[in-house]
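Trainee: Please pick a single part of this model and go through it closely. I want to see what it packs on, what it bonds to and how it relates to the rest.

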Amino acid sequence: MVVTRELSLSTRGNGDIRDITAEVTRLVRESGLRSGIVTVFCPGSTGALTTIEYEDGVIADLQQVLDEIVPPDRPYRHHLRWGDDNGHAHIRAALMGPSITIPFVDGRLTLGTWQQVVFCDFDTRPRNRRLVVQILGEP
């Protein structure tokens, strides 16, 4: 059985990282499925999904490392083509990826103790984001 739902988020942009674990957990429970996988997908090229320990220190470390690897103030060819300023957002999202898949057993996500599901918005402005959540499994 397949159940498809959506999550809506309002973000601040500029590397805003949101913990969406509770929302994904709720959608899995509401699906009525007991075992399977849940995939969360971001339709857009400047957002990404991953897991991390959602804690201020780790969040700051991740943002610092991304600034070092993909600096926002570098001259990106994307800026020249479209006249915007979010070339780094596209690269960061491509490196992290637009989706994540998590198994669930007995209606519970199989995340580790310090592991949360997070959405990262790398665009340079606040956004209203829509995430597609697809739950595949058996009752």
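Mentor: Start with pairing: two strands pair if DSSP finds at least two bridges between them. Helices (H or I, at least four residues) and strands (E, at least two) are DSSP runs, numbered from the N terminus. The model is predicted, so local features need pLDDT of at least 70 and side-chain atom pairs count only at pLDDT 80 or more, while totals for chains, interfaces and linings use all residues. Residues are numbered from 1 along each chain as its sequence is written, and side-chain values use heavy atoms, with hydrogens and water left out.

The part to study is helix H1, residues 21–31. An open sheet of five strands runs in the order E1-E8-E3-E5-E6, with antiparallel pairing. Its edges are strand E1 (2–11) and strand E6 (108–109), and each pairs on one side only. Strand E5 (residues 99–105) runs antiparallel to E6, joined to it by two bridges. Axes are lines fitted to C-alpha atoms, for helices over the stretch in contact, and angles run from 0 to 180 degrees between N-to-C directions.

Next, the two sides of H1. Buried means under 20% relative accessible area, exposed over 50%, and partly exposed in between (1.4 Å probe, protein chains only). Thr21, Val24, Thr25, Leu27, Val28 and Ser31 are the buried residues of H1. They line one face of the helix, because seen down the axis of H1 they fall within an arc of 160 degrees. That arc is taken from the directions from the helix axis to the C-beta atoms. On the other side, Ala22, Arg29 and Glu30 are exposed.

Serine 31 lies in H1 and counts as buried at 14% relative accessibility. A polar atom of its side chain lies 2.6 Å from the backbone oxygen of valine 28. The side chain of serine 31 also reaches the backbone nitrogen of leucine 33, at 3.1 Å. Not counting residues up to four places away in sequence, serine 31 touches Val3 and Ile135. Glycine 32 follows H1 and has a positive phi, near 80 degrees.

Arginine 26 pairs with glutamate 30, and their closest N and O atoms are 3.3 Å apart. Both lie in H1, four residues apart, about one turn of the helix. An α-helix has 3.6 residues a turn, so residues three or four places apart point the same way. Arginine 26 is partly exposed at a relative accessible area of 38%, and glutamate 30 is exposed at 53%.

How does that pair sit among the others? The model's count is eight salt bridges. One of them joins aspartate 67 to arginine 92, with closest N and O atoms 2.7 Å apart. Aspartate 67 lies in helix H2 (residues 56–69) and arginine 92 in helix H4 (residues 87–96), so this pair ties together parts 25 residues apart in sequence. Aspartate 67 is partly exposed at 38%, whereas arginine 92 is buried at 6%. Another salt bridge brings the side chains of aspartate 123 and arginine 127 together at 2.6 Å, N to O. Aspartate 123 is buried, with 5% relative accessible area, and arginine 127 is partly exposed, with 23%. Arg12, Asp16 and Arg18 form a salt-bridge network.

Last, a second sheet for context. Three strands in the order E2-E7-E4 make an open, antiparallel sheet. Strand E2 (16–19) and strand E4 (47–52) are its edges, each pairing on one side only. From one strand to the next, the twist averages 30 degrees. E2 and strand E7 (residues 116–121) run antiparallel and share four bridges. Arginine 18 has phenylalanine 119 in E7 as its bridge partner. H4 packs on this sheet, touching E4 and E7, and its direction makes about 45 degrees with that of E4.

How values were computed: A salt bridge is a side-chain nitrogen of Lys or Arg within 4 Å of a carboxyl oxygen of Asp or Glu. A polar contact is a pair of N or O atoms within 3.5 Å; within protein, one must be able to donate a hydrogen and the other to accept it, and residues adjacent in sequence count only if both atoms are side-chain atoms. Contact means heavy atoms within 4.5 Å.
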